[in-house]
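Subject: Structure handover

Hello,

Here is the structure I promised to pass on. Please open it alongside this note, and my findings follow below.

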Amino acid sequence: PDARGWGLGRRLIDACLALADSLGCGYVTVDAALDNRAAQAVYAACGFERIDPEAARFRRRLPAPALG
């Protein structure tokens with residue numbers, strides 16, 4: 001709780017997305033506890049879409065790799 005508001009969650013998500021993209025992944029899927037509204041809000045703000053209405057599971061598609 002002492003680190004809330006510092007942007008650490010967003011920076012970690014950005015780093016994970018960059019790594020996944022560099023590895024050629026097509027998407028990233030994350031989960032949060034159902035009562036963790038702060039994490040769910042960060043995922044949504046980072047472009048993740050909720051994919052499971054009964055769980056806090058989110059997915060973000062990554063850009064397709066450039067050809068050539």
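Predicted model: local features only at pLDDT ≥ 70, side-chain atom pairs only at ≥ 80, totals over all residues.

Ring pairs join Tyr 43, Phe 48 and Phe 58 into a cluster. Take the pair of Tyr 43 and Phe 58. Their ring centres are 5.7 Å apart and their planes stand at 50°, so this pair is tilted. The cut-offs behind that word: planes under 30 degrees apart would count as stacked, and over 60 as edge-to-face.

What does this pair tie together? Tyr 43 sits in helix 2 and Phe 58 in strand 3, so the pair links parts that are 15 residues apart in sequence.

Are these two residues buried or exposed? Tyr 43 has 16% relative accessibility and counts as buried, because the limit is under 20%. Phe 58 is buried as well, at 5% relative accessibility.

Now the core. In soluble globular proteins, nonpolar side chains tend to be buried together. The largest nonpolar core here has 13 residues. Those that touch the most other members are Ile 13, Leu 17, Val 28, Val 30, Tyr 43, Phe 48 and Phe 58. Which elements give two or more residues to this core? They are helix 1 (8-22), strand 1 (27-32), helix 2 (37-45) and strand 3 (56-61).

Setting aside its neighbours within four places in sequence, Val 28 is in contact with Leu 17, Ala 20, Phe 48, Phe 58, Arg 59, Arg 60 and Leu 62. Arg 59 lies over the face of Tyr 27, at 4.2 Å from the ring centre.

Next, the overall layout. The chain has two helices and three strands. Along the sequence they follow the pattern α-β-α-β-β. The C-alpha atoms fill a box of roughly 45 × 30 × 15 Å, taken along the principal axes.

A few totals to finish. The chain has 68 residues, and 21% of them count as buried. Look at contacts in the chain with a separation of 6 or more: residues 24 or more positions apart account for 49% of them. The accessible surface of the chain comes to about 5,200 Å². Carbon and sulfur atoms hold 56% of that surface.

Over to you.

Best wishes

Conventions. Residues numbered from 1 in each chain as written. Heavy atoms only, no water. Core = buried A, V, L, I, M, F, W, Y, C linked by side-chain atoms within 4.5 Å. Buried < 20%, exposed > 50% of the residue type's maximum accessible area, 1.4 Å probe, protein only. Helix = DSSP H or I, 4+ residues; strand = E, 2+ residues; numbered from the N terminus. Contact = heavy atoms within 4.5 Å. Phe/Tyr/Trp six-rings, centres within 6.5 Å; stacked < 30°, edge-to-face > 60°. Lys NZ or Arg CZ within 6 Å of the ring centre and 35° of its normal. Areas by Shrake-Rupley, 256 points an atom, 1.4 Å probe, with all protein chains shown as cover.
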